[in-house]
Amino acid sequence: MKVLLTGAAGLIGKEILKTLVAEGHEVVATDRVQFSAPASVKSSVGDLMSIEFAESLDFDCDAVVHLGSVPSPLGGSDEMVFHNNVMGTYHLFAAAVEKKVPVVIYASSLSIYGTAWSGPWTSPEYVPFDENLPLNHYESYALSKEVNERSADMWANRGETAFVGLRFPYCNSEAAINDFAEKMKQGDKETVLTGAKILWCYLDLRDAAQGVLTILKKGAKGSATYNFLAPDTNAPKPTMEMLAEFHPTTKVNTPLPGYATIVDCSAWEKVYGYKPKHLFKRG
Ligand SMILES: NC(=O)c1ccc[n+]([C@@H]2O[C@H](COP(=O)([O-])OP(=O)(O)OC[C@H]3O[C@@H](n4cnc5c(N)ncnc54)[C@H](O)[C@@H]3O)[C@@H](O)[C@H]2O)c1
């Protein structure tokens with residue numbers, strides 16, 4: 001398949017670029033910063049905030065994988081993050097629909113639920129929760145992800161392009177996930193609080209790439225977004241104990257066994273079947 005990849009210089013983009021090439025796909029890669037890519041990859045540098053640049057990309061492809069966004073509220077002012085993530089994505093979606101690309105896969109985020117970056121401590125209303133948990137934002141990174149999901153819905157109504165949004169959790173290398181877990185275990189205050197805010201969810205970069213490959217293989221229809229993350233946590237204690245300590249107001253609809261994640265990914269599993277394989281090894 002021929003795939004147009006945005007955000008190719010980034011953490012997830014680099015892994016997906018490597019995986020797509022290794023799987024024999026033809027890749028057209030872009031980012032607003034310089035990046036290195038294998039000789040077979042046609043690459044370009046430019047800002048998706050420019051509609052002219054977005055429209056100049058090679059949309060003569062089977063799929064777009066869109067990761068080119070600021071990945072947290074720490075990446076700039078509220079206004080800048082919102083503007084960058086929403087308008088860059090809008091330009092890309094519009095051009096993909098105009099050029100009749102069959103499928104656009106894009107990164108949403110578990111931050112959309114609002115616990116990760118809230119100023120006041122925020123807990124999920126209930127667990128386990130699926131994609132229907134009400135969104136409760138505090139800042140514009142989460143809001144940008146919601147707007148982009150609605151934008152995908154609109155563009156899917158307007159054309160023949162299908163959209164799949166992946167609500168990624170904290171995504172990183174095995175080493176970084178292990179390091180984060182170790183710091184929580186050692187009681188590092190900041191990491192412990194961050195862990196509770198991101199609900200102890202994680203996804204190994206290799207599984208993020210496999211998720212994208214699975215969508216490319218199975219295809220898509222309409223517009224849908226899915227929670228997509230490891231089935232367990234990297235927390236130091238079982239999930240029910242962690243919830244009681246950090247999110248005591250959360251209603252537990254079904255008790256969670258052992259280290260099971262509190263996020264329900266069954267919608268993803270039902271449609272795409274792929275279960276993350278690179279799981280945290282508890283020492
Ligand atoms: N890494 C995570 O833990 C995580 C979790 C949830 C969601 N996500 C989402 O996944 C995507 C990729 O995240 P990442 O962790 O690889 O981030 P990253 O910052 O490492 O990579 C993002 C890339 O996008 C590029 N970019 C940003 N704005 C752009 C623009 N206007 N035009 C062109 N390129 C632009 C940046 O230069 C960067 O190389 C983002 O949409 C992010 O919100 C990431």
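This is a predicted model: local features need pLDDT of at least 70, side-chain atom pairs count only at pLDDT 80 or more; totals for chains, interfaces and linings use all residues.
Trainee: Why is serine 77 called partly exposed?

Mentor: Serine 77 has a relative accessible area of 41%. Buried requires under 20% and exposed over 50%, with partly exposed in between. The value for serine 77 lies between these limits, so serine 77 is partly exposed. Serine 77 is placed in the loop between strand S4 (63-66) and helix H3 (78-98). Its C-alpha is 9.0 Å from that of serine 140, although the two are 63 residues apart in sequence.

Trainee: Why does tyrosine 113 count as buried?

Mentor: The relative accessibility of tyrosine 113 is 3%. Since the limit for buried is under 20%, tyrosine 113 is therefore buried. This tyrosine is found in the loop between S5 and strand S6 (126-127). From tyrosine 113 to alanine 208 the C-alpha distance is 20 Å, at a sequence separation of 95 residues.

Trainee: What makes arginine 167 buried?

Mentor: Arginine 167 has 4% relative accessibility. That value falls under 20%, so arginine 167 is classed as buried. Arginine 167 belongs to strand S7 (residues 162-168).

Trainee: Why is the pair formed by the side chains of arginine 167 and glutamate 149 called a polar contact?

Mentor: The distance given for this side-chain contact is 2.6 Å. A polar contact requires N or O atoms within 3.5 Å, one able to donate a hydrogen and the other to accept it; the distance meets the cut-off, so the pair qualifies.

Trainee: Which residues and elements surround the ligand?

Mentor: The shell holds 27 residues, and the closest are Asp31, Asp47, Asn84, Tyr141 and Cys171. By class, 15 are nonpolar, eight polar and four charged. Helix H1 (11-22), strand S5 (103-109) and helix H4 (140-158) each supply at least two of the shell residues; S5 gives the most, with three. The space that the ligand takes is the largest pocket.

Terms used:
Residues are numbered from 1 along each chain as its sequence is written. Side-chain values use heavy atoms; hydrogens and water are left out. A residue is near a molecule or strand if one of its heavy atoms lies within 4 Å of it. On a 1 Å grid over the protein atoms alone, a cavity is a set of points where a 1.4 Å probe fits but cannot get out, and a pocket is an open set with protein on both sides within 12 Å along at least five of seven lines; lining residues have an atom within 4 Å of a point. A molecule sits in a cavity or pocket if more than half of its atoms lie within 2 Å of its grid points. Helices (H or I, at least four residues) and strands (E, at least two) are DSSP runs, numbered from the N terminus. Ala, Val, Leu, Ile, Met, Phe, Trp, Tyr, Cys and Pro count as nonpolar, Asp, Glu, Lys and Arg as charged, and the others, Gly among them, as polar. Buried means under 20% relative accessible area, exposed over 50%, partly exposed in between (1.4 Å probe, protein chains only).
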